[in-house]
Amino acid sequence: MNNNLSSLRVRDIGEQGLLERLQRFCPPDIIGDDAAVLETLPNQSLIVTTDMLVDGVHFSDLTTSPEDAGWRAAAANLSDLAAMGATPMGITVGLGLPPDVTVSWVERLYQGMTECLSKYHIPIVGGDIVRSPITTLAITAFGQANPNFIIRRATAQLEDVIVVTGTHGGSRVGLELLLHPHIGQHLKPEQKQALITTHQRPNPRLDVLPILWEIVESQSKIQNLKSKITVAGMDSSDGLADAILQICRASNVGAIIESSKIPLPSAFEEWLTPEKSLEYALYGGEDFELVLCLPPKPALALVQQLGTSAAIIGTITPEPTVILHHEKTEIPDQVLSLSQGFQHFSQ
């Protein structure tokens, strides 16, 4: 890269100059007005989500390149849409920047976003840029969904089982390896890199939705149900325990989780104690898998189609508590709570 360009600062070109550079990441027929006009199909619901990332809280130059920060920011919002059962349509980007941030850093951030979005043919359709003492990234993502196929937290029902679409704990361990490289000396290089990639470049589980809805429709017909099978759920971006607790609280139910059923990265077996593995899986966060509650038959069909990383890990119960049950009888059951995971503004 030309040294003059790489040292160019945001303050050197101003807001409009930066916007001109960033518009090439967006479709030219959408950018230019005060707002983007997005057409939806008849009988579709518009789904909108916003996620904010702050330097030093969600990403750091110590562990995350600008491209990876951009990828993770886009993936987090797409994961929210997947958790609602929505098909993404586009995103807008709100960016708060200190004036001494280099222009190349910002462009690399956008490059990472577009690398993630291009996998799903999703455009950046606008946004805003402001001066800020801390680099801050706020993304709003838009999606559409059939009103009859929207996943909500408040619809879990008694005797539903709980499905996770993949392994948990890998992202947190990937972060630990980036912060403390020496701790992974016993891992094979490919295992270490796989865990780091899980943290830096997560994949939103949009691939689950067509499989899920096909199974739901098929099972509804087979069972001759008068109404479609209801699916409750959310993603596990704030941790597996958090997701289950949030669903149960919204649905006024409880759950029993079988600790031995929670799928973990294979590298954990050779490296971490069972207690530490479980801690990372429950509270590590940023795995961006889906946590779904649905009846046993379609749940089993879903797990079988998704493969070995998906699993049924528990059952919805009437009691308003979430219990972690251990296969070994000498280990007492645990009551899970939101206070045990990461919370913004907590001490």
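**Close-up views: cores and sheet**

**View 1. The largest nonpolar core has 61 residues.** Val 106, Tyr 110, Leu 212 and Leu 292 have the most contacts inside it. Helix H3 (residues 66-84) gives the largest share of this core, 9 residues. Domain 1 (3-146) and domain 2 (151-346) each supply at least three residues; the bounds come from an automatic or database domain assignment. A core here joins buried Ala, Val, Leu, Ile, Met, Phe, Trp, Tyr and Cys residues through side-chain atoms within 4.5 Å. Buried means under 20% relative accessible area, exposed over 50%, partly exposed in between (1.4 Å probe, protein chains only). The model is predicted: local features need pLDDT of at least 70, side-chain atom pairs pLDDT 80 or more, while totals for chains, interfaces and linings use all residues. Numbering runs from 1 along each chain as its sequence is written, and side-chain values use heavy atoms, without hydrogens and water.

**View 2. A second, separate core has 28 residues.** Ala 255, Leu 278, Val 291 and Ile 313 are among them.

**View 3. An open sheet of 7 strands has mixed pairing.** The order is E6-E8-E5-E9-E7-E10-E11. Strands E6 (232-235) and E11 (334-335) are the edges, each pairing on one side only. Pairing requires at least two DSSP bridges. Helices (H or I, at least four residues) and strands (E, at least two) are DSSP runs, numbered from the N terminus.

**View 4. Strands E7 (residues 254-258) and E9 (residues 311-317) pair in the antiparallel sense.** They share 4 bridges. Ala 255 has Ile 316 in E9 as its bridge partner.
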